[in-house]
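Visitor: I am new to this structure. Please show it to me, and then I will ask about some of its parts.

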Amino acid sequence: MDKDKLVLLIKNYLQNSETTFVNSLDDIIKNAEERIFEEVQFDNFRKTATLTLSAGTKTIATPSDYVLAFSFAVIDSNSDYHYLDKKHPSFIQEYDVDPTDSTKRALPEYYAEKEKGTSSSTLLLAPVPDANYSAELNYLFKPNSLVTDTTGTWLSNNARNLLLYGCLIEGYTFMKGDPDMFQVYDARYQQELARLKNRAEARGRKDEYRYDSLRKPVT
């Protein structure tokens, strides 16, 4: 589903083509997408980035679309992976009081998120790297909105009903609509949300070899 199709459906469902409402549809779509993104754990929105750690530098910048880390591994000269433990920045500071002390440098064991910016985040490392290392960051990224990728996104193509009802909730809230009708839209949204969570967080994380096929009880 492309943006034009979604916009048409929103206007038709809510029977509203008033100028102020139509001009707010981009924000309504983004609000619905943000809500869905926060409520469902999508494996489709995972990425792995290869980073380079520099000797003597205790920080590393993340990719621009980084949201949070699933794992962070440093690769040594033997191509062995060493997965770092995630800690609070205060732990990193206490662990490595003087990052300029070259005698305490080693292959990093811990990392923490120092700050999050609009273009990238900064990760802290401890100990400070004693050499240049490759690293792999497996992370959650935030996909582009349908407002940006107007021809279609993963969400608009694979969860169109959920996106539609999310937009109807946001749009009807904007209109200050009747509470009874709002509950109808919310109920449909929750129904579609449960279906997507079942696919993304249940079926999508099990295979038949280990768990057999998904079954529902017979009544």
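Guide: The model is predicted. A place to begin is helix α1 (residues 3-14) and helix α3 (residues 25-39), whose axes come within 11 Å and cross at roughly 100°.

Visitor: Is α1 roughly parallel or roughly perpendicular to α3?
Guide: The two axes cross at roughly 100°. Angles of 65 to 115 degrees count as roughly perpendicular. Therefore α1 is, relative to α3, roughly perpendicular.

Visitor: How many residues of the contact of α1 with α3 are nonpolar, and how many are charged?
Guide: On the α1 side the contact is made by Lys3, Leu6, Val7, Ile10 and Lys11, and on the α3 side by Leu25, Asp26 and Ile29. None of these residues is polar. The division is five nonpolar and three charged.

Visitor: Is Thr122 buried or exposed?
Guide: Thr122 lies in strand β7 (residues 121-126). Leaving aside neighbours within four places in sequence, Thr122 is in contact with Thr59, Ile60, Ala112, Glu113, Lys114 and Glu115. Buried means under 20% relative accessible area. The relative accessible area of Thr122 is 16%, so Thr122 counts as buried.

Visitor: What percentage of the residues of the protein chain count as buried?
Guide: The protein chain has eight helices and eight strands. Its residues number 219, and the share that counts as buried is 38%.

Visitor: How much of the accessible surface of the protein chain belongs to carbon and sulfur atoms?
Guide: The accessible surface of the protein chain comes to about 12,900 Å². The part belonging to carbon and sulfur atoms is 45%.

How values were computed
Residues are numbered from 1 along each chain as its sequence is written. This is a predicted model: local features need pLDDT of at least 70, side-chain atom pairs count only at pLDDT 80 or more; totals for chains, interfaces and linings use all residues. Side-chain values use heavy atoms; hydrogens and water are left out. Helices (H or I, at least four residues) and strands (E, at least two) are DSSP runs, numbered from the N terminus. Buried means under 20% relative accessible area, exposed over 50%, partly exposed in between (1.4 Å probe, protein chains only). Accessible areas come from the Shrake-Rupley method with a 1.4 Å probe; for residues, only the protein chains shown count as cover. Contact means heavy atoms within 4.5 Å. Axes are lines fitted to C-alpha atoms, for helices over the stretch in contact, and angles run from 0 to 180 degrees between N-to-C directions. Angles under 35 degrees count as roughly parallel, over 145 as roughly antiparallel, 65 to 115 as roughly perpendicular and the rest as oblique. Ala, Val, Leu, Ile, Met, Phe, Trp, Tyr, Cys and Pro count as nonpolar, Asp, Glu, Lys and Arg as charged, and the others, Gly among them, as polar.
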